[in-house]
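Take a moment to look at the strands and the charged side chains. The paragraphs below lead through both.

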Amino acid sequence: MKLNTLALVTLSAACMALPASANEASPTGLWKNIDDATGKPRGMIRITESNGTLQGKIEKLFPAPNEDLNPTCKKCEGTLKDAPVIGLTILSGMSKEGDQYAGGQILDPDNGKTYRSQLRLIEDGKKLEVRGYIGVPLLGRSQTWVRQE
């Protein structure tokens, strides 16, 4: 009888913990970047976490028929100048702040500029709202990325 009671208590505790962990969705994983201007997929970005901060690297691109299959960051400056876009870290320094991730930056390989950034999981973690801005978040643009795994 004591064994059944212990099993029931353990099972109940495990079930109560499930909803808490389900609400702790993380932006780590593989995301398809959807261009905010065209609505078409642009690439696949893998977001990882290290020491409490998020980083994102481009793993794959979906170039248009007239675009370079292996582009480089021609407009980037410093060590990123002419770096291959595939493998490029475009998201860095993001940390959790309430229900979003902020405090980091995002690089736009098309223009070589770096912007402050915010990330927010939406639709139960199936999508990621990515905002890049200068100064204040109101002055920027957003993209929606779709979770792939």
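Is strand E7 mostly covered or mostly uncovered? Strand E7, residues 127–133, is mostly covered, with 5 of its 7 residues buried. Buried means under 20% relative accessible area, exposed means over 50%, and partly exposed lies in between (1.4 Å probe, protein chains only). Strands (E, at least two residues) are DSSP runs, numbered from the N terminus.

This is a predicted model, in which local features need pLDDT of at least 70 and side-chain atom pairs count only at pLDDT 80 or more, while totals for chains, interfaces and linings use all residues. Residues are numbered from 1 along each chain as its sequence is written, and side-chain values use heavy atoms, with hydrogens and water left out.

Stay with E7 and look at its partners. Two strands pair if DSSP finds at least two bridges between them. E6 and E7 run antiparallel and are joined by 7 bridges. Across this pairing, Leu121 stands opposite Leu128 in E7. The two strands form a hairpin with 4 residues between them. In that turn, Glu123 has a positive phi of about 50°.

E7 also pairs with E8, again in the antiparallel sense, over 7 bridges. Here Glu129 has Thr144 in E8 as its bridge partner. The hairpin of E7 and E8 has 6 residues between the strands. Gly135 takes a positive phi near 80° in this hairpin.

Now turn to the charges. Side chains of opposite charge can pair when their charged atoms come close. A salt bridge is a side-chain nitrogen of Lys or Arg within 4 Å of a carboxyl oxygen of Asp or Glu. The whole structure holds 8 salt bridges.

One of them joins Arg42 and Asp110, with the closest N and O atoms 3.2 Å apart. Arg42 lies in strand E2 (residues 41–50), and Asp110 in the loop between E5 (100–108) and E6 (113–122), so the pair ties together parts 68 residues apart in sequence. Both ends are partly exposed: Arg42 at 29% relative accessible area, Asp110 at 48%.

Arg46 forms a salt bridge with Glu59, the closest N and O atoms being 2.7 Å apart. This pair links strand E2 to strand E3 (residues 53–61), 13 residues apart. Arg46 is partly exposed at 24%, as is Glu59 at 39%.

Arg46 also bridges to Glu149, with the closest N and O atoms 2.4 Å apart. Glu149 sits in the segment after strand E8 (140–147), 103 residues from Arg46. Glu149 is exposed, at 52%. Elsewhere, salt bridges that share partners join Asp35, Arg42 and Asp110 into one network.
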